[in-house]
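Morning, everyone. Please take a look at the structure on the screen, and then we'll walk through it.

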Amino acid sequence: MSSENRTSVPNSLNEHWMPFTSNKDFKENPRLITEAKGVYLTNHQGKKQIDASSGLFCNPLGHGREEIINAITNQLKKLDYAQPFQQGFGGSFELATKIAKHTPGNLNRIFYTMCGSSAVETAIKISIAYHRANGQGERFRIVGRERGYHGMHIGGTSVGGMINNVKTFANILMPGVVHMRHTHLPEHKFVSGQPETGAELANDLERICSNFGAENISACIVEPIAGSTGTLVPPKGYLQRLREICDKHGILLIFDEVITGWGRTGSPFASQEFGVTPDIITMAKATTNGIVPMGAVACKEEIYNTVMDASPKGSVELFHGYTYSGIPVAVAAALAVQDIFEKEDLFNRAKNLAPYFQKGLFSLQDLESVDNIRGYGMMGGIDMKLNTKPGKAGFECFKACYEAGINFKATGDCLIIAPQFICEEKHIDEIIDKLRTGITNYQKNQKN
Ligand SMILES: Cc1ncc(COP(=O)(O)O)c(C=O)c1O
């Protein structure tokens, strides 16, 4: 196949080992996306689909944005790459200043990574480096939470809490990790927004401090809203309680905002939405509208200062970084995204559209195969009832919806819905209508 013709069905599907995919199933019946514009995708059969999950939560600004394409093109013509160690280029500093304007409190020091996974590894390592610089090198434990997703590197896999991601790799996971229980309680069924009950689950952290010794815990990492396991919204008061316990014991609180960052909840970060300021925030995905891989870690100034002060001038303060940390093409995309956020007031747009989306989402609860629905802001999760074995309902339903002209991601038996912020109400209507059609068709297929 020639390089100009990359969008047709390739002659061989054998060589590409696809990520998080049932490769055997896909290769028998491929689903290839050939074009994307605005809120729509086109597949290789020429069928138009509405993008109901902003890709993987990463394209809230819509597809094919000329401003970003032009920014990337111009950057590549001028400076395509500059290695980022012991030198820099202006754009990455400009971007850090812009990111710091949106991060809460004084989380003003920005470290660039390549993606969400590398942002999580970086955050964990920074927590360790900070305590060490502060004379507390014995703090090595990291507390995660069940049903958390923190990417696929070893640190993130270890602190994450999704069983299928962990079991194959159990013998190589990071030592010293302890998990809190997840916050999804049976009484939270069909609860929209923050549940009233469950804040006491944060006391798991206090219990872990008693059992393992708070003095050897470095950090506690949570997603403010667990995204990949289907929008698990924190109970009222839960995040506040985590903050109190971390403060009491000198533990750093890391919010993994790879999904919730950049407006998904209606505020720039979920931290502001829920009124809790962590010590470190990770972000990725929407940072570049998903177009160029990039992640970032925002740290409190005192973390940065402590690490800086512990090293003599002239030496490298943090032995960590990537070939692709803040490279020009990613920075150009991210700067263009920042301009669009501002010009189109997109966080407020997301906030204003959220009630309409949530109403539509919860209107699907009458469907007989729907077991539960959760939602917050422009995020939603639909749990399907179990169908013979875990994961089958989610996958079969995803395929029926794909045929019905709606594109999203299913994790296990949960359908992940996260519309783009540029959506109008008519697009939300289309998403909900097509979900209804797809889920109904799935139900019929099961009966035949
Ligand atoms: C909360 C969270 N952290 C980390 C990651 C990993 O990001 P990436 O896939 O860019 O490595 C994800 C990806 O979905 C995520 O949702």
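At what angle do helix α14 and helix α15 pack? About 120°, with their axes 8 Å apart. Helix α14 covers residues 392–403, and helix α15 covers residues 425–447. Helices here are DSSP runs of H or I, at least four residues, numbered from the N terminus. Axes are lines fitted to C-alpha atoms over the stretch in contact, and angles run from 0 to 180 degrees between N-to-C directions. α14 and α15 are therefore oblique to each other. Oblique is what remains after under 35 degrees (roughly parallel), over 145 (roughly antiparallel) and 65 to 115 (roughly perpendicular).

A word on the source. This is a predicted model, where local features need pLDDT of at least 70, side-chain atom pairs need 80 or more, and totals for chains, interfaces and linings use all residues. Residues are numbered from 1 along each chain as its sequence is written, and side-chain values use heavy atoms, without hydrogens and water.

Now the ligand. Residues around it include Cys115, Tyr149, His150 and Glu223; that takes a heavy atom within 4 Å. Next, the polar contacts (N or O pairs within 3.5 Å). Serine 117 places a polar side-chain atom 2.6 Å from a ligand oxygen. For lysine 285, the distance to a ligand oxygen is 2.9 Å. Aspartate 256 has a polar side-chain atom 2.7 Å from a ligand nitrogen. Thank you.

Methods
A polar contact is a pair of N or O atoms within 3.5 Å; within protein, one must be able to donate a hydrogen and the other to accept it, and residues adjacent in sequence count only if both atoms are side-chain atoms. Helices (H or I, at least four residues) and strands (E, at least two) are DSSP runs, numbered from the N terminus.
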